[in-house]
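User: Could you walk me through the enclosed space and the charged contacts in this model?

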Amino acid sequence: MNTSLSPAPITESRRYPLMTAILCWSGMAVMSDLYVTIPLISLFAEQFGITPTQAAAPGSIFSLGFALGRLVYGALSDKYGRKKVIFVGLIFLTVISLLLGFVHSLAGPLVLRGLQGAAAATFSPVALAYAVEMFPPERRVTAIGFISTGFLVAGIAGQLISGVMIQSYGWNQIFLLLAFVYSYTALLVLWSLPKGAVQQAHASVWEPIKHIGTVFTRKHLMLCYLVAFVLLMSFVSMYSVLGQYLTGPAFGLSKQDILYVRSFGVLGMLLSPFAGRLAKRFGVRSVLRRGLMMAMAGLALLGFIANLPMLVLVTLLFVAGIALAVPSLVALVGQLSGKLRGIAVSMYTFILFAGTSVGPVMSMQFLKSGGYALTFILLALVLSIGLLASFFIDRDSAQEPGAA
């Protein structure tokens, strides 16, 4: 029996492809929860007699709970074990999703979505740490790449699940379906993932929080955090506006047609696993900047296109840019943080998803102030703040190969 605090030794019998598949599936399932309320904005506004800005609040509250939870779960998994934290989080997600399946007022989603976000936050930082510990170096990058791809595909999958369900059933049934998915995923994790070792059984879960002040004294990390804040905020904002744009007079699409448009975004996500290879060749800062430029160009063009096939191509350009920028930014934070990597990455994920809590409300405010073209341009300008910040991240500090 292994009693050391170091990770259990890797054996040839461990089923790495199965572990990778389960972690990728789990990441997609959990992160889909962040996006399921995007297609519900117009439905909530109509059903509850509120403005689209108010109807976007459940999504924002989920993101806030998600961002706050990520600050502590890494330390909890050090103390109690990665697999245990992931499993308990999935059980809580199952229960909260069941409750959401039976509420019929706006107050229910407002409260329960915050709790759901806090429960969903148990997965992503802990799963990445689990992959680092349980996979040998030659398999580790691939595993993390697939997990990250699962996170990104969730941005489309969550919207598709929601869109399909509200056409045939109702919004409550979306969460009943998710409850089943999370219970099934919890069993997969329980039965198929090796346990691993507890890293710091006697450590305080609040210890990493003490180092947050040090992280915020590092200029280049702060620039990365600025990029992180606007990155997923622009992603959630774009899809929050796109549904209403496509049902409007310019296109007049049905909900079924909008599902097809959203589904094409998955193709853009396929670039994410290649971001590491591109970074090795061109440098991580260069890939980050080019990803941001692609996303900005896609956003700015969206409001001026009246041809549906062209609009689909432009959304692909936007999604592909995000898919390149997200893993590049993760790598950059890891390079710049040194011994503070643990809390630096936790703060990165906190700020990244704090941006998603602002996105739906901000985009609805832009839409109220002007038309769709102006809204997409304003969103592109917000994303340009991140692009500008990326040019001031010091090249030597990033220790990157290749030209930048």
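Predicted model: local features only at pLDDT ≥ 70, side-chain atom pairs only at ≥ 80, totals over all residues.

**Cavity and salt bridge**

User: How many cavities of 30 Å³ or more does a search of the whole structure find?
Analyst: Residues are numbered from 1 along each chain as its sequence is written, and side-chain values use heavy atoms, with hydrogens and water left out. A cavity is a set of points, on a 1 Å grid over the protein atoms alone, where a 1.4 Å probe fits but cannot get out; lining residues have an atom within 4 Å of a point. Searching the whole structure for cavities of 30 Å³ or more gives 1.

User: Which residues of the lining of the largest cavity are charged, and how many are nonpolar or polar?
Analyst: The lining includes Leu34, Ile38, Ser63 and Pro360. Ala, Val, Leu, Ile, Met, Phe, Trp, Tyr, Cys and Pro count as nonpolar, Asp, Glu, Lys and Arg as charged, and the others, Gly among them, as polar. The lining divides into 8 nonpolar, 4 polar and no charged residues.

User: Which side chains meet in a salt bridge?
Analyst: A salt bridge needs a side-chain nitrogen of Lys or Arg within 4 Å of a carboxyl oxygen of Asp or Glu. The whole structure has 1, with an N to O distance of 2.8 Å between aspartate 33 and arginine 113.

User: Is aspartate 33 buried or exposed?
Analyst: Buried means under 20% relative accessible area, exposed over 50%, and partly exposed in between (1.4 Å probe, protein chains only). Aspartate 33 has 0% relative accessibility, so it counts as buried.

Definitions and conventions
1 Å grid on protein atoms, 1.4 Å probe; cavity = no way out; pocket = protein on both sides within 12 Å on 5 of 7 lines; lining within 4 Å. Points joined across faces, edges and corners; volume = space filled by probe spheres on them.
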